[in-house]
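Thanks for coming. I will talk about a few side chains, so please look at the slide.

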Amino acid sequence: SIDPNPDAVKRMQDVMGGTYAAPMKKGATAGVLEDIQVQAYDTYVTTSSKLGDDAVAAVVKALYKSEKELKGAFALLRGFSRQKMVKDNMTIPYHPGAIKAYKELGLWSGGMDAVQAKALAEAAK
């Protein structure tokens, strides 16, 4: 188990951005003998910046619409949540088509524009 206190999580994030502490229940997987906290990192759907905005928006909306089916289809997607599709601790920039879809779905807050700008600046280095 990792230390989930904010100072410890900050140190972890300084080493690997985008990580966070997440609870794991006893028996969730082999070897988990008690409730613990684990280091987690989200899996991203990535694409080329050359893929059209409409295609990317369609994928985002399909994922959003299919939350229940995704969770039932694959064990690693049980933690998928449409409310967590936009995260301010991401480590790669969002595609413009994804941003368009997130705004239409009400998931993109005004603060995400600054997060996106920072991610784009980092990616350009």
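Is Tyr102 buried or exposed? Tyr102 is buried, because its relative accessible area is 7%; buried means under 20%, exposed over 50%, and partly exposed in between, with a 1.4 Å probe and protein chains only.

A word on sources. This is a predicted model, where local features need pLDDT of at least 70 and side-chain atom pairs count only at pLDDT 80 or more, while totals for chains, interfaces and linings use all residues. Residues are numbered from 1 along each chain as its sequence is written, and side-chain values use heavy atoms, leaving out hydrogens and water.

Now the rings. Rings of Phe, Tyr and Trp (its six-membered ring) pair if their centres lie within 6.5 Å; planes under 30 degrees apart count as stacked, over 60 as edge-to-face, and the rest as tilted. That rule gives three aromatic pairs. Tyr94 and Tyr102 form an edge-to-face pair, 5.7 Å centre to centre with 85° between the planes. Tyr94 is buried too, at 10% relative accessible area. Tyr94 also forms an edge-to-face pair with Trp108, at 5.4 Å and 85°. Trp108 is buried, as is Tyr94.

Last, charges and rings. A charge sits over a ring if NZ of Lys or CZ of Arg is within 6 Å of the ring centre and within 35 degrees of the ring normal. Arg82 lies over the face of Tyr64, 4.5 Å from the ring centre. The charged end of Lys87 is over the ring of Tyr20, 4.0 Å from its centre.
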